[in-house]
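Have a look at it first.

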Amino acid sequence: MELYLVDKNGNRLGSAKGSRHTGGLLVAPAGSAFEEAVERGNVFVGANQTTVVTQAGLSATTPALTLANRLASGKAARLWYVAVGSLVAPTAAAEIWPCLGDGPTQAAVTETTLATVRNMKTGDPGQAPGVICLAVATLPVAPVAIGQLGIQLTGAITVASALQVWERWYNGALRLSPGFNFSVQTSTATTIFCEYIYEVVDL
């Protein structure tokens, strides 16, 4: 599609890319990419309603919150935002990792308990088609860490003057293809809450 400049009488002046005589027209999104994604109606938010005690190190069991794209979903999950909080000090300092689970060569994630999920445009409850957010799950194999969200120290929360939420905006750039999963894991067993915001799109 090509855009054209016209005068007030509807006479075509030329291409909208313009020239030094006619000027030009810039067409750009009016809102942020995140706003546009929410407006499309396929952005979801899921969070733990109770704390989860993680394993010490990368593990297939008790990931804090799991986002799993089923193998035959025909969808991709775009991760927009991840947040982690804790109210209990660990026994030793803990690295907090965003983790990616292997794809279609592995078995499916064992879906034990669905997480509480809401559509960010409508507020309606319910999981996205083919992409499942799980409060309790078992992964087919231990995932790999793909970054760092933060480090949790051992100081008592009754002493700390403020509590930190570890967060990361991926802005939709991290995509889970069918068969892949995403979870938060820790190097030391600890008690955490998680939140994921993600978009489900066609492949």
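**Cysteines, then rings**

Start with Cys-194: its sulfur sits 9.4 Å from the closest cysteine sulfur, the one in Cys-133, and that's too far for a bond, since a disulfide needs the two sulfur atoms within 2.5 Å. Keep in mind that this is a predicted model. Searching the whole structure turns up zero disulfides. Cys-194 is buried, with 4% relative accessibility, and Cys-99 is buried too, at 0%.

Now for the aromatic rings. How many aromatic pairs are there? The count is six. One of them brings together Phe-34 and Trp-80, with ring centres 5.3 Å apart and planes at 55°, so this pair is tilted. Phe-34 belongs to helix H1 (residues 33-39) while Trp-80 belongs to strand S6 (residues 75-85), so the pair ties together parts that are 46 residues apart in sequence.

Next, find Tyr-81 and Trp-169. Their ring centres are 4.7 Å apart and their planes meet at 45°, so this pair is tilted as well. Again, distant parts of the chain are linked: Tyr-81 is in strand S6 and Trp-169 in strand S13 (residues 166-176), 88 residues apart. Tyr-81 is buried, with a relative accessible area of 9%, whereas Trp-169 is partly exposed at 43%.

Definitions and conventions: Residues numbered from 1 in each chain as written. Predicted model: local features only at pLDDT ≥ 70, side-chain atom pairs only at ≥ 80, totals over all residues. Heavy atoms only, no water. Buried < 20%, exposed > 50% of the residue type's maximum accessible area, 1.4 Å probe, protein only. Phe/Tyr/Trp six-rings, centres within 6.5 Å; stacked < 30°, edge-to-face > 60°. Helix = DSSP H or I, 4+ residues; strand = E, 2+ residues; numbered from the N terminus.
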